[in-house]
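Subject: Handover of a structure and its findings

Dear colleague,

Please find below the sequence and structure that I am handing over to you. An account of what was found follows, and I would ask you to keep the view open while reading.

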Amino acid sequence: MKLKQFRLAVAMAAAALTAAGAASAASAPSVIKIGTLYAGSGNFAVASQAQYKGLQFWAKRVNAEGGVYVKAFNKKIPVKIVAYDDQSSTSTATTLYNQLITQDKVDLVVSDFGSVLTSVAIPLAKEHKMLLIDPTGSSAGFFKEKTDYLADVSIPSSAVWPMPLAKFLEQEHIKKIGIIYGSNDFDGSQADTLKAEFKKIGVTPVFDHAVPTGERNYTVLLHSAAAAHPQALIELGYLPNDVAFLKSLKSSGLHFPFVFTIFPGQFKQLMEKNVGADALKYTYSYPAPPMIKYEKVNLGMNTDQFVTAWGKTHKGAEPNFVNAGGYNAGILMAKAMGTSPKFTQLGMHQALLDMSGKITTVVGAYKLSPTGAQLGQRLPIAQFQPQKDGSLKTVVVYPDSHKTGNAIYPSPAG
Amino acid sequence: MQALLEYAIVGGVLYGIFFGLVAVGLNLIFGVMRIINLAHGEFVILGGFGAYWVSHSLGLNPLWGLPLAALGAVVIGFPLYYAVVPGLQRSRDPEMLSFILFFGLAQIIDAIISLGFGPDQRSLPDEALGGGTISVLGQAFPDSWWVAAGVSVLAILGLWLYLTRTRLGFATRAIMANRDEAYATGISVDKVSAIAFIIGLALAGAAGVFVPYLQGSVGPGIGNSLTTTSFAILIIGSLGNPVGTLFGGLVFGVGSMLMQTFYASWSDLVPYVLLVVIVLVRPQGLFGKAVRHA
Amino acid sequence: MRESWFKRARAGLITAAVLALVFSLAPNVYNNSSLLFMMMTYIVLSQGLNLLYGFTGYLPFGYVGFFGTGAYATALLVMKLHLPIGLAIAAGPIASMIVALVLGPLLRLSGAYFSIANLAASQILFIVIGNPNLQDITGGPYGVKIDEVYNPTASYAAMVVLVVVVTLIATFFRRSRFGQGLKAMADDPVSAEMSAIPVVRMRLLAWLTSAAVAGLAGALYAWNLSVFYPDAVFTLEISVFAIVFALFGGVGTVLGPIIGAGLLYALYNAIGISEPQYFQLIYGVLIVGLVMFLPEGILSLLTRRGINVF
């Protein structure tokens, strides 16, 4: 009798297990849907499409290997990217993010490039209890309180970008500083950080002007900046601003001992094409990966591998920083799916938090705060130094841990 | 301080003259056809991409973009005029209807540029227009600014001569004054308007050639701001009068540069504040005849 | 003898009821509530613009200025004074009416001059509010964040109410002596003045009503969005869309802007969702085609056949 009972129990348990196994296999989706937006036109088109290409690049590679490993289902599942064009418009982006969440029922949402197009996704993600993977929306305002539904994965908050720059200027005893910055969150928060850092060491900028975000004409402004005789002139803008600024600087015939702009470090090729190597020489920027190399990574490809692989699938083109940022968002999502025991939004968020501080990728150390902010991946300072063959070499001059050479300061005239 | 002031004024004059050229084509089309060409900025951008194309693909001096702009204006403008303008004129409120139509057209042009050239900004080499600087009153400005201002003055002067010294020009002005009367006096309104339309587009395209020099680069997506600034300038000047537009451009240019020198973050306000003040104080513009009613 | 009050308003009441029903039930069928919310926002804005343009002939290119003013008034009152959201929303239309009063002298201008001056005015508001020097007051380029009052369901319901209210206001304009007087002024200002219609005062009233509608729409939009930059509520795209939708439907009617905004905005999204790659191109071609083949708006298909459109 007892034996019979035991057998029955075993049979039932076995049946239950099989059923459970069948159920879990049945609930594993045939594809993992990743929803994202890109800007086909408008102000953010260049950077947004670069990020989208990076994400596509990741998806293609993952699918070539049979898909992404999802721990909850213990198998590889192919990835499908669902993407819409928001035309750089926040209202269009709002409806399309919602479309991704409510209609396409994507498994993960990746926000479009930059803070402006990310901003509208944050409340939506929270409302629908979706984890928002945020590659490049870095406004400090997003990360004020603890959240389970936001993770900035590829760039640090823009407010911390200029910390190394401030330290470097202090180290070089450069005290007369001029700042020109765009009237937007991205540039304004960097200018605020710089000014706050300078204040700590008793330095007040000798020239400090905000300009409209759409400013394209710096000739007259440069002239007024020159009248204040700064040792260092720092222009914080978007890509078109930096192009216009550097072009104006070159054609004005003015000379400053130290010039800093943001985007040559992220889009060097594009900048060289637009403003010429001549206009960039001896200027400084934040050198972003792949311009600076991370050789020892423990997730995904290292910088050299990434550059080579990218070239193979993009007709030999060199990837830029935002490409790397899109790819980085992909590999972190994959890692989260591969480690989270449950295929849920909260599970994946927890996995992203658990990885924090333990992982280095193509864009550097990854460190996620409970508020969703990215604390790793500090950007160093580099100078573009002309070589004998006329090319520009990116020399990292600060901090010492990344240093590849000494700054040439003041920059030679002419 | 005085040096800064002088520099801002000389720079503003050059910049403003160039913006006179940017706006003058819009003025002509608006004045003659009462069409609100919301795609004006896009035509300027097309001119910029044309110059980029002759410079990069053909290896020619970007100034060859000027004849290309004229050619492009004929090729695009002639069919476009006959496809849309006569129909608009027959509608109840052509001015406002043209607003939507040209908004749609702007979308199309923007999309085509983005699909064809990609979203990147494009620049042109400084050396092509000299690459040095020229000083006036001790204020050095890049050669390209002087070339742009020179071409702008010539183009606007040419338009003025056309309007005041040729028979077609007389007819054009008659249509500007009163379209119905012009019909009645036997002017072939459509032909004259079509020519004005083409000239307007050509001038926009010609301005575009210099956009990469005065604005650093040209790319899809800057059309809107070019269009709104142009509207401001043409109203500051006055409708129908190219010399007025040149003057409107000067006021805009000098105002913006002075503002940029002393209160940079507010410099965007200049064209709009000027516009509102001027239309309220002198609605006909600085150079025009009265138009207000009620 | 004039028809009774109810008879005149009947079509408007039916339209409002249908709209209320459709937008209350729609989320059960199609739960992209952002899209439905934006559609209602554009119905309200097109109708508000119609109150001015359809009845007075003044086309405000800078209509978005009132929308942005309303959005900012609400957001700032919540952020700075911690007002309850209801009060903050009520402040939206008040702020936009104040702006409309200040801009009142623009009504002296005619045609395109008015339109462009109004556009300039909206740009001025945008530049001032987004200016870094005013960061302490307006948040400047850093935008505003009121996620503590974020409530998608309540803001959606409020927008449904606004759609109803605006439809009723439009009905009043269409069916009252006031609206007819406005139209008479637009057609012939001189004789309207001679027949003792208080031209200036009535026009100003239409202007203020139109501004208040946009201000209220902006206030609700701010509540629904809860995190935004100045550009999001001052972008010219909003003006342009409202104008395109109103004209496409047919101005001077009640149904025109509703149908125009509903249909064209749905099409806009359908294109964006099915053909993201050619989104802008197809939408542009669609608009040009509509203007060329339906220059008097879609309702002209009916009026041409002698059907009187409400």
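Helices (H or I, at least four residues) and strands (E, at least two) are DSSP runs, numbered from the N terminus. Please note also that this is a predicted model.

**Chain B as a whole**

By that definition, chain B contains eleven helices and two strands. Their order along the sequence is α-α-α-α-β-β-α-α-α-α-α-α-α. The radius of gyration of chain B is 19 Å, close to the 19 Å that the globule rule gives for 294 residues, so chain B is as compact as a globular protein of that length. Along the principal axes, the C-alpha atoms of chain B fill a box of roughly 55 × 45 × 35 Å.

**Where chain C meets chain B**

The contact between these two chains involves 37 residues of chain C and 39 residues of chain B. On the side of chain C, helix 5 (111-129), helix 12 (236-249) and helix 14 (279-293) each supply at least two residues. Helix 5 of chain C has the largest share, with eleven residues. Sorted by class, the side of chain C that touches chain B has 28 nonpolar, seven polar and two charged residues.

One helix pair across this contact can be followed in the view. Helix 4 (residues 94-117) of chain B packs with helix 14 of chain C at an angle of about 155 degrees, and their axes are 8 Å apart. Because angles over 145 degrees count as roughly antiparallel, helix 4 of chain B is roughly antiparallel to helix 14 of chain C. The crossing of these two helices is left-handed. Among the residues that meet are B:Leu97, B:Ile100 and B:Phe103 in helix 4 of chain B, and C:Leu281, C:Tyr283 and C:Val288 in helix 14 of chain C. The residues of this helix contact comprise 14 nonpolar, four polar and one charged.

**A helix pair within chain C**

Helix 3 (residues 64-81) and helix 4 (residues 85-102) of chain C pack at an angle of about 140 degrees, with 7 Å between their axes. That angle makes helix 3 of chain C oblique to helix 4 of chain C. Helix 3 of chain C passes helix 4 of chain C in a right-handed crossing. The residues that meet include C:Gly65, C:Phe66 and C:Leu77 in helix 3 of chain C, and C:Ile85, C:Pro93 and C:Val99 in helix 4 of chain C.

**Where chain A meets chain C**

Here 30 residues from chain A and 30 residues from chain C take part. Several elements of chain A each supply at least two residues to its side, including strand 4 (79-85) and helix 7 (185-200). Helix 3 of chain A gives the most, with ten residues. The side of chain A that touches chain C divides into nine nonpolar, 18 polar and three charged residues.

**The two domains of chain A**

Chain A is divided into domain 1 (32-157 + 293-366) and domain 2 (162-285 + 380-398). Taken over C-alpha atoms, the centres of these domains are separated by 30 Å. Nine residues of domain 1 are in contact with seven residues of domain 2. On the side of domain 1, helix 2 (45-64) and helix 12 (321-339) of chain A are the elements that give two or more residues. That side of domain 1 consists of five nonpolar, three polar and one charged residue.

Yours sincerely,

A colleague

Technical notes
Residues numbered from 1 in each chain as written. Chains lettered and ligands numbered in written order. Predicted model: local features only at pLDDT ≥ 70, side-chain atom pairs only at ≥ 80, totals over all residues. Nonpolar A, V, L, I, M, F, W, Y, C, P; charged D, E, K, R; others polar. Domains from an automatic or database assignment. Axes fitted to C-alpha atoms, helices over the stretch in contact; angles between N-to-C directions. Parallel < 35°, antiparallel > 145°, perpendicular 65-115°, else oblique. Left-handed = near helix turned anticlockwise from the far one by under 90°. Rg over C-alpha atoms; globule rule 2.2 N^0.38 Å.
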